[in-house]
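Please view the sequence and structure below before reading on.

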Amino acid sequence: MSFSESDLWEHLNDPRDKQPNAKWLGEVYSLALTKELREAIAAQLGLLAQEGWSTLKSLSKKFGSQPELIHAAGMCHQKEARDWLLKLLEEQQEVNIVVLKALACWGASIPNNLLSKILNQPALDIRLAGLELLSFKAHQLSDNDLLKLTKTLLDDFRDPIVINTIKILQRRDGVAICHVLHSIVQEGSEATAQSAIMALGSIGTMISHGKLIKLGQQLPPGKRLNLVNKQLQHQYRFL
């Protein structure tokens, strides 16, 4: 039985209908449908967990790795779907942002060498998506490994990349991490320097406190020095 697109939309959006089953969704999915409708069908499959993944797997074999099928694979939270997405990522010559976003919640499962490949891509959206993955992986890494992975990011001229990297680093309190943040305050842009000062303040250890004191002695008058002094005033435990 064939359905018009208006019939499919009505069936998908009718609150009186039960959630469509995976078999039916797989049968009505077609590349001849509009992009929006294909996305809606795939999203419904993504909500059906194991049952949805079985259908998504069949559809990807039949129609190829379509963006909406990749996105839905991430939604279904199945280990087999994760492995399929990782395989896609490894096989692609150019990193696909759709695959990265689908893998977002599985960042901890991504091997270091693959994560390094992602973070070293020059595109802004790829690096930001890679940082989201790293945020799930960071707790498994040593300070040195984390700094190796993020070195290129900290040297990036784009503030959003450096600032998002700082947000990950500030969860740690090691000497090397505090030293890197200290350097950013001195050498970074106004926005990244302010983020690094706030990070040192949030770490709240003797080491980070010492870095703030040193910065208070080194920085010339201005916004950075004012923010350092404000952070020092909030370090009650060291007063």
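## Basis of the model

This is a predicted model, in which local features need pLDDT of at least 70, side-chain atom pairs count only at pLDDT 80 or more, and totals for chains, interfaces and linings use all residues. Residues are numbered from 1 along each chain as its sequence is written, and side-chain values use heavy atoms, with hydrogens and water left out.

Helices are DSSP runs of H or I with at least four residues, numbered from the N terminus. Axes are lines fitted to C-alpha atoms over the stretch in contact, and angles between N-to-C directions run from 0 to 180 degrees.

## Helices α10 and α11

The axes of α10 (residues 143-154) and α11 (residues 159-169) cross at roughly 160° and come within 9 Å. That makes α10 roughly antiparallel to α11 (an angle over 145 degrees). The crossing of α10 past α11 is left-handed, meaning that the near helix is turned anticlockwise from the far one by less than a right angle.

On the α10 side the contact (heavy atoms within 4.5 Å) is made by Leu146, Leu147, Thr150, Leu153 and Leu154, and on the α11 side by Ile161, Val162, Thr165, Ile168 and Leu169. Eight of the contact residues are nonpolar, two are polar and none is charged. In this classification Ala, Val, Leu, Ile, Met, Phe, Trp, Tyr, Cys and Pro count as nonpolar, Asp, Glu, Lys and Arg as charged, and the others, Gly among them, as polar.

## Helices α3 and α5

Helix α3 (residues 35-46) packs on helix α5 (residues 67-75) at an angle of about 20°, with the axes 8 Å apart. The two are therefore roughly parallel to each other (under 35 degrees). Here α3 passes α5 in a right-handed crossing, with the near helix turned clockwise.

Arg38, Glu39, Ala42, Ala43 and Gly46 of α3 meet Glu68, Leu69, Ala72 and Met75 of α5. This contact has five nonpolar, one polar and three charged residues.

The twelve residues of α3 reach 16 Å from first C-alpha to last, close to the 16 Å expected at 1.5 Å a residue (1.5 Å times one less than the number of residues). Buried residues (under 20% relative accessible area, 1.4 Å probe, protein chains only) in α3 are Leu37, Arg38, Ile41, Ala42, Gln44, Leu45 and Gly46. Their cover includes α1 (5-13), α2 (22-28), α4 (49-63) and α5.

Helix α6 (residues 79-91) has 13 residues and reaches 18 Å, close to the 18 Å expected. Ala81, Arg82, Trp84, Leu85, Leu86, Leu88 and Leu89 are buried in α6, and these residues pack against α4, α5, α7 (97-102) and α8 (112-119).

Conventions:
Parallel < 35°, antiparallel > 145°, perpendicular 65-115°, else oblique. Buried < 20%, exposed > 50% of the residue type's maximum accessible area, 1.4 Å probe, protein only.
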